[in-house]
Amino acid sequence: MSVVEIALCHVTLRNIGLALLVVVLVFVFKAIKIFLFPRPGAVKESYPFQNTIILAQSQEIILEICKKYFDLTYEQTKKKTFLLEVIGLPTFVMTVDVANVTHVLKTNFENYGKSAPIFKNKFQGLLGDGIFNADGQQWFAHRKTSAHLFKLSEFKSTVLDIFNHDLTIAIDYIKSKKNDSFDFQGLMHKFTLESISQIAFGLQLGCISDNEVEFANDFDYCTACINDSMINPFWIFERFFTPGGWRYFAALRRLNKFAAKLIKERRAQVAAASDTTSKPRNDLLSLYLNRDNFSRKDRDDDEGEKKSSGGYSDAFMEPTDQNLRDVILNMVIAGRDTTAQALSWTFYRLCIHPEVQLKVREELRAVAEKTHLSLQSPDTYSYAFLQQLRYTEAVCMEALRLHPSVPKEAKCVMQDEVLPDGTQVRKGDILSFQAWSMGRDPTLWGENAMDFVPERFLEQTKPNPFVFTAFQAGPRTCLGQNFAILEMKCTLARLVSQFEFTLQQPADSVTYASTLTLPIKGGLQVSAELVQ
């Protein structure tokens, strides 16, 4: 090695050493600042790095940790907002204050978005510029197009036909278990993936079986990695320099390949249909490929949608392969994960509250008798029949109150301002409202807030969406809210009418896994016995 090469090597090593020293000093400086000069309303540390260490060690129980801080803050200050300052991440502003939630989701909703770098850098790989990772005109274009999928006419025909077809397959699968234990959550993930694939993409996967679904496994792993990146200051290092991070990129490549194949096939099908007199397809991909869905007339005629969506009225998104890929992967979260996990928690509650399971079955029998229909026939479970199941719907809502499919929602603060409760937020802060904690708040739901009481949703016509935030509220209210409730009611009706479900694991072993949504960790082991 020459003298020059040796000198360059020493210089390079010295530069690396200096860079590492700077990083360490920055971390230490911020740690001292957080410890000695915390922001107003921040959780005070007993020693430097305390909050960072607690956050790193508590990822699996992060919801309980936040609930504990909310309770402590309210006890000490009568406020329902606290700040959490940690090393390597923006300041988190955590709130369960209804006035704050209303302000963020409605009054000043444009000041709280998803397009900031803190989200884009972490979500872009999986969600791209899809509806869950977009703001402004781009978000509205997604919303306007997707709305076509959730029309009442679609619910009454195509959507329910698909639900009932796939539930018949799921029922046959349960019967094949012959009272043996099986993973109910795994079955629900396959059922909802099969259904949303047909409704949104026009694709039949045939995945309701004991076989593993690689696409689903890859998607679950990527969402878990994204969730980790939101609360792990070392996520970049882990993503690029550890086997777990490399697995993320491998899974993402397979997801992209799946989406690319689907898009290529759909483009060919749409092109072929345009040359014939065949009826156009109504799945979501076909809607995005149809420019008429963005027509000026359609936009101008829908004043209500324009007002509820922040005033955006001239939204168009070019149906490129990349944009369609983003649509596919965002719709998987919307149509598979959230509903499957809501159903899993609902059946968990039915198992540990057999009296509720019995009431659901009794309601089904009463409505069937009144309408002279047979519960054994899939044709019975029409839109009109399901609309009469008020107690069954209350069970679904109560399960979502205690186990919201999106337990924590985060948005980036775009400009400094003061929240209604007096909390100051700064540009770049992450504001998070916690649906999981709000659903367990006795000041919102009474002293029995921790109890499973479906009747509470029979006593009120419609819950305040800024209190019951399982579907968000304001301009970004979940488009698929009615879709999800319909799918849950249809599933409860079809399964509970035929089976008695029993939990086959200790009730206290059922807990959540920390991801973007709220899956049951390790699945839900149940058995199902045919009812007479």
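Both Glu-398 and Arg-401 are buried, a class that comprises residues with under 20% relative accessible area, whereas exposed residues have over 50% and partly exposed residues lie in between (1.4 Å probe, protein chains only). The two residues belong to helix H18 (residues 390-402) and are three residues apart, about one turn of the helix; helices (H or I, at least four residues) and strands (E, at least two) are DSSP runs, numbered from the N terminus. An α-helix has 3.6 residues a turn, so residues three or four places apart point the same way. The side chains of Glu-398 and Arg-401 form a salt bridge (2.8 Å, N to O), the term denoting a side-chain nitrogen of Lys or Arg within 4 Å of a carboxyl oxygen of Asp or Glu. The model is predicted, and local features need pLDDT of at least 70, side-chain atom pairs count only at pLDDT 80 or more, and totals for chains, interfaces and linings use all residues. Residues are numbered from 1 along each chain as its sequence is written, and side-chain values use heavy atoms, with hydrogens and water left out.

Glu-398 also meets the side chain of Arg-456 in a salt bridge (3.1 Å, N to O). This pair links distant parts of the chain, with Glu-398 in helix H18 and Arg-456 in the loop between H20 and H21, 58 residues apart, and both residues are buried. In a search of the whole structure, 19 salt bridges are found. Among them is the one between the side chains of Asp-441 and Lys-80 (2.9 Å, N to O), which likewise links distant parts of the chain: Asp-441 is in the loop between helix H19 (435-438) and H20, and Lys-80 is in the loop between helix H3 (62-77) and strand S1 (81-84), 361 residues apart. Asp-441 and Lys-80 are both buried.

The protein contains 21 helices and 10 strands, and 54% of its 532 residues count as buried. Of the contacts (heavy atoms within 4.5 Å) with a separation of 6 or more, 73% are accounted for by residues 24 or more positions apart. Leu-127, in helix H5 (residues 117-127), counts as buried, with 2% relative accessibility. In helix H9 (residues 214-231), 14 of the 18 residues are buried, so the helix is largely enclosed by the rest of the structure.

Tyr-47 lies in the loop between H1 and helix H2 (50-57) and is partly exposed, with a relative accessible area of 40%.
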